[in-house]
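Let's take a walk through a protein chain together. Keep the sequence in one hand and the 3D view in the other, and we'll stop at a few residues on the way.

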Amino acid sequence: MTRCAHTDFDRRLVTCPQGETSAGWHGPYPTSSPTAAPLIVARFTKSQCRPCPVRTRCTTTTDSARTVGFPPRELRDLQLQVRAEQQTPEWQARYAVRSGAEGTINELAHGHGMRRCRYRGQQKAHLQHVFTAIAANIERLSRRPPAGEVPSSRPPTAFQNYLDQHGIPRPRAWRSARD
């Protein structure tokens, strides 16, 4: 189902972008995970879905009808509120700090093998973590340009090179300071 489906919680109906309304509304059901939100399921009939001209964009099933799962109204409203808050500059500034920390953790876990400890015992494991962090910092410092030089931008990706070779303008967000 495309994101443009309309959910009417009061009438317990889902309307697809083509104007068809759901034939059934069931739930909320508990999910298989104890930490996941409960789920409401709305079902459409085969006679609604089979003749639909945009069926391939809606569902991949060939013989049955479309079902749509979504959270209850309270959770959906909270989700919409949080998504709107994520667009504010204040939230993005707070998240920038977390993003940097997550990048560091990812670098240590995947680039330096921090998920596996080479030693037994808490003291030896702690030393491994400290030395690995020091090594990661030394690597980062070695990649910095000498004092007074302007850092060069990252080299373009293969996709960016393809766009340039075929005269396709890059999206504005990709353009570097030199473009």
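Predicted model: local features only at pLDDT ≥ 70, side-chain atom pairs only at ≥ 80, totals over all residues.

Let's start at Thr45, which is partly exposed because its relative accessible area is 30%; buried means under 20%, exposed means over 50%, and partly exposed is in between, using a 1.4 Å probe and protein chains only. Residues are numbered from 1 along each chain as its sequence is written, and side-chain values use heavy atoms, with hydrogens and water left out.

So where does Thr45 sit? You'll find Thr45 in the loop between β4 (39-43) and α1. Helices (H or I, at least four residues) and strands (E, at least two) are DSSP runs, numbered from the N terminus. Not counting residues up to four places away in sequence, Thr45 touches Ala23 and Ala65, where contact means heavy atoms within 4.5 Å. Now look for Asp164: it is 119 residues from Thr45 along the chain, and their C-alpha atoms are separated by 48 Å.

Gln48 has 16% relative accessibility, so it counts as buried. Leaving aside neighbours within four places in sequence, Gln48 is in contact with Glu20, Thr21 and Ala23. With Glu20 there is also a polar contact of 3.3 Å between the two side chains. A polar contact is a pair of N or O atoms within 3.5 Å; within protein, one must be able to donate a hydrogen and the other to accept it, and residues adjacent in sequence count only if both atoms are side-chain atoms.

Let's visit some other loops. Arg12 lies in the one between β1 (6-8) and β2 (13-15), and it is partly exposed because its relative accessible area is 42%. Its phi is near 55°, a positive value in a residue other than glycine. Most residues other than glycine have a negative phi.

Ala36 sits in the loop between β3 (24-29) and β4, and its relative accessible area of 38% is why it counts as partly exposed. From Ala36 to Glu85, 49 residues apart along the chain, the C-alpha atoms are separated by 22 Å.

Further on, His112 is in the loop between α4 (89-111) and α5 (122-143). Is His112 buried or exposed? His112 counts as buried, because its relative accessibility is 17%. Not counting residues up to four places away in sequence, it touches Glu107, Thr132, Ala136 and Glu139.

Now zoom out. The chain has six helices and five strands, and reading along the sequence gives the pattern β-β-β-β-α-α-β-α-α-α-α. The chain has a radius of gyration of 25 Å, whereas a compact globule of 179 residues would have one near 16 Å; the radius is taken over C-alpha atoms, and the globule rule is 2.2 Å times the number of residues to the power 0.38. Taken along the principal axes, the C-alpha atoms fill a box of roughly 65 × 55 × 35 Å. Buried residues make up 18% of the 179 residues. Among contacts between residues at least 6 apart in sequence, 37% join residues at least 24 apart.
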